[in-house]
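Biologist: Please take a close look at the aromatic pairs in this model. Start from the fold, then go to the rings.

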Amino acid sequence: MEYIKNRFYEAAMKKYDEYLKLKNEHSDVVVGKVTIGHVLSGMKGVPSLLTETSKLDPNEGIRFRGISLKELRKTIPRLCAHGEPLPEGLFYLMLIGEVPELDDISNISKDWATRAIVPGHVFDVIDAMPKNARPMAQYVAAITSMASESYFLNAHQAGVQKKYYWDTTYEDVMNLIARLPRIAAYIYRRTFHKGEHIDPDPRLDWAGNFAHMMGFSSPPHMRLMRMYMSIHADHEGGNVSAHTTHLVGSTLSNPYYAYAAGMLGLAGPLHGFANQNVLSWIMDMIRDVNDEDPSPDRIRKYCKKFLDQGGVIPGFGHAVLRITDPRYDAQKEFAEKFIKNDNLINIVNKLYNVVPPLLEATGKVKNPWPNVDAYSGALLRFYGIKEHNFYTVMFGISRALGVMSSLLFDRVFGLPIERPTSYPLQWYRDVAEGKIKVDIGNCDDSGIKES
Ligand code: CMX
């Protein structure tokens, strides 16, 4: 268990030296400008976060430590020639900055398997909730209740020095990630399969074991789950789930709370909830046109009407990307390899041709192309995972890999509490009208000086 931790420590300390040098020698270098437009449009494109694990390029998509998803899907070792890369490999890369060997991956699998025992009270908390409580509500309640296990919380209360924060955070992060599949599978079986639970199989890898505990133990299901859990893992630091985790973590809240907060952000329809919305939206369309295999023309008419009525088509558009999401491409490639002629997948493919021109025609959508969520529902449904309400939880398990790696770096760097500045509308109007002049100050409390 210490092997990965030691590797992380070595890599992290090099990063820490770089961080200190940058902070001490270059803190006054300007990296961008903030306009009123930025403030009023969600600060998109404003450099304001430090995230090591991945970077999103609008025209290329996500790169994990500089490596694109496409390259990674070829280079990260897999368990067999026709298998999928393991999410453990991606986690290793995000944490340590090197493409792992198969041994490194099995080291993490084994480490997580030994940490995967979920305390009994967490199941009690889940069982105390109504059976029809939303899976995400059950998931977040379970995660928060697990904070009783936090090593970081105890160490902080005992007065541990800041330079050692990373150590107990590491233990929490690894324990939390290790236990998520068991917790989520428990919620899945409780909610949708009469509470007939399936014990974990510690010989399996993290994603394979999750598929197994959900009740899908065949090699194709495990292959699907490995792919799914890899592609959703991280999308740099500014997306809502990552940013929320970081923000809450910046108060020195424990990793369980920080991750639970991130999940509540993921649960919004403009973010990860879109993955369940896509499928319900397609089902509504099928019902409306009364055809399980509608022609592109019928789909076009349905979408046009939907948009004209002010609807937002889930699974299309993105706050940063300006191309088809490579995570969409990865799923399409997977489907083309393993699935022949499925109605829902066919509809998803037709939407790819129909929706972008319609969104472009609105004249306001910055990116008309599909995102990760456009494909995943149809794929999961094909493999028998038909309960839409559960999809965002699945996204969230994968997202833990990225946001928890980032939280670890936050602790290594000793990043401070995040606290941007806000002003009322009148202040911005006064600035716009030249009544108030602002200077970007040094990194003081407000960051901006009025004159
Ligand atoms: N259908 C209809 N209208 C859309 C649209 C879509 N798929 N995508 C964007 N628009 C609209 C926006 O609602 C906005 O309209 P208003 O000006 O009337 O408010 C306008 O186009 C401009 O938006 P934008 O600058 O292109 O996009 P944003 O950065 O504001 O939002 C996103 C990005 C993803 C929230 C948006 O494209 C959207 O709502 N998509 C559908 C939901 C979705 O799939 N979310 C998942 C994203 C991936 C993820 O995080 O999981």
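Modeller: The chain of this predicted model has 20 helices and 5 strands. Its radius of gyration is 23 Å, close to the 22 Å that the globule rule gives for 451 residues, so the chain is as compact as a globular protein of that length. The C-alpha atoms fill a box of roughly 65 × 55 × 45 Å along the principal axes. Buried residues account for 51% of the 451. Take the contacts between residues at least 6 apart in sequence: 74% of them join residues at least 24 apart.

Now the rings. A search of the whole structure gives 28 aromatic pairs. One of them is Tyr19 with Phe413. Their ring centres are 4.7 Å apart and their planes lie at 15°; under 30 degrees counts as stacked, so this pair is stacked. Tyr19 sits in helix H1 (residues 2–26) and Phe413 in helix H19 (residues 391–413), so the pair ties together parts 394 residues apart in sequence. Both Tyr19 and Phe413 are buried.

Tyr188 and Phe390 make a tilted pair, with 4.9 Å from centre to centre and 50° between the planes. Tyr188 belongs to helix H9 (residues 165–192), while Phe390 lies in the loop between helix H18 (373–382) and H19, so this pair ties together parts 202 residues apart in sequence. Tyr188 is buried, and Phe390 is too.

Back to Tyr19 and Phe413. They belong to one aromatic cluster, together with Phe8, Tyr9, Tyr16, Trp166, Tyr170 and Phe409.

Definitions and conventions:
Residues numbered from 1 in each chain as written. Predicted model: local features only at pLDDT ≥ 70, side-chain atom pairs only at ≥ 80, totals over all residues. Heavy atoms only, no water. Helix = DSSP H or I, 4+ residues; strand = E, 2+ residues; numbered from the N terminus. Rg over C-alpha atoms; globule rule 2.2 N^0.38 Å. Buried < 20%, exposed > 50% of the residue type's maximum accessible area, 1.4 Å probe, protein only. Contact = heavy atoms within 4.5 Å. Phe/Tyr/Trp six-rings, centres within 6.5 Å; stacked < 30°, edge-to-face > 60°.
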